[in-house]
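These are my notebook entries on a single protein chain. I set down what I looked up, topic by topic.

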Amino acid sequence: MTVAVAGALVLTGGGVAAAGGHLPLAFTSAFASWAEDWSMNGVHGVDSDTAERVATAPGPDGTTFTVMAAPSTTLDGADAACTVVVLERAGSLRSAGPSEFLDVLDSGCAPGLQGQPFGVASVSLVRADDAPEWTSQDLYVWTAAAGHAATAEVITADGRRWPAVSYDGTLYGWIPAPREGTALPQLIGYAADGSEVGRSDL
């Protein structure tokens, strides 16, 4: 594991400042399926041009780890969203949304994880060989239900702490993929007073 992240923890619950204007065609074309008139996972589709950067953190190799989201509703009126996690290059951050990016976690439209107990929901492996211009190492990109956690961090076997970001009851983050034979990374959630509310292996 050779790439360190600046800062121990980044946690964002609200919107992230971005340049104004329509989202780049590269983004809206990639996620045009969000606007389909059929429902995905029981959620109404939305125009991908309504998406915003809702959370960001330092990514690997000088990139930015970005969560994009467009609010939606379920068929019975509950809150939902269309979301995707990408790595962005520095120049991409000057536009209203990603213009140079790599999709590192499956996108989709679904209810959030509000009300679910703290714990890992999914982990995706991003191979360096499949994305040589974006990262020099294999990555784990993960999501988890925040539960009662106000903040969270991942601690790897070497003692490093890695950033988590939050949106709509869901935590997101990345770490270098663990080497075979090392202890599993642990996601730890903390209440607003700093007390631990839960742990979950990645």
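Is W34 buried or exposed? I find W34 buried, with a relative accessible area of 0%; buried means under 20% relative accessible area, exposed over 50%, and partly exposed in between, with a 1.4 Å probe and protein chains only.

**Basis of the entries**

I am working from a predicted model, in which local features need pLDDT of at least 70 and side-chain atom pairs count only at pLDDT 80 or more, while totals for chains, interfaces and linings use all residues. Residues are numbered from 1 along each chain as its sequence is written, and side-chain values use heavy atoms, with hydrogens and water left out.

**Overall layout**

I counted one helix and twelve strands in the protein chain. Helices (H or I, at least four residues) and strands (E, at least two) are DSSP runs, numbered from the N terminus. Of the 202 residues in the protein chain, 47% are buried. Among the contacts (heavy atoms within 4.5 Å) with a separation of 6 or more, 64% are between residues 24 or more positions apart.

**Aromatic rings**

Rings of Phe, Tyr and Trp (its six-membered ring) pair if their centres lie within 6.5 Å; planes under 30 degrees apart count as stacked, over 60 as edge-to-face and the rest as tilted. By this rule I recorded six aromatic pairs. One of them joins F27 and W34 edge-to-face, at 6.1 Å centre to centre and with 85° between the planes. F27 is buried, at a relative accessible area of 0%. I also see that ring pairs link F27, F31, W34 and F101 into a cluster.

I then looked for a charge over a ring, which requires NZ of Lys or CZ of Arg within 6 Å of the ring centre and within 35 degrees of the ring normal. R89 lies over the face of W134, 4.2 Å from the ring centre.

Strand β1 (residues 52-58) pairs with strand β2 (residues 64-73) in the antiparallel sense over six bridges; two strands pair if DSSP finds at least two bridges between them. E52 has A69 in β2 as its bridge partner. The two strands form a hairpin with five residues between them.

I looked up T64, which lies in strand β2. T64 counts as buried because its relative accessibility is 15%. Beyond neighbours within four places in sequence, T64 has contacts that include T56, V86 and L93.

**Positive phi**

Most residues other than glycine have a negative phi. D61, in the loop between β1 and β2, has a positive phi of about 55° and is partly exposed at 36%. D168 also has a positive phi of about 55°; D168 is found in the loop between β9 (164-167) and β10 (170-176) and is partly exposed at 26%.

**Disulfide**

How many disulfides does a search of the whole structure find? I found one disulfide, defined as a pair of cysteine sulfur atoms within 2.5 Å. C82 and C109 form the disulfide, with their sulfur atoms 1.9 Å apart. C82 is in strand β3 (residues 79-88) and C109 in strand β4 (residues 101-110), 27 residues apart. The disulfide is right-handed because the torsion about the S-S bond is about 105°. C82 is buried at 0%, and C109 is buried at 1%.
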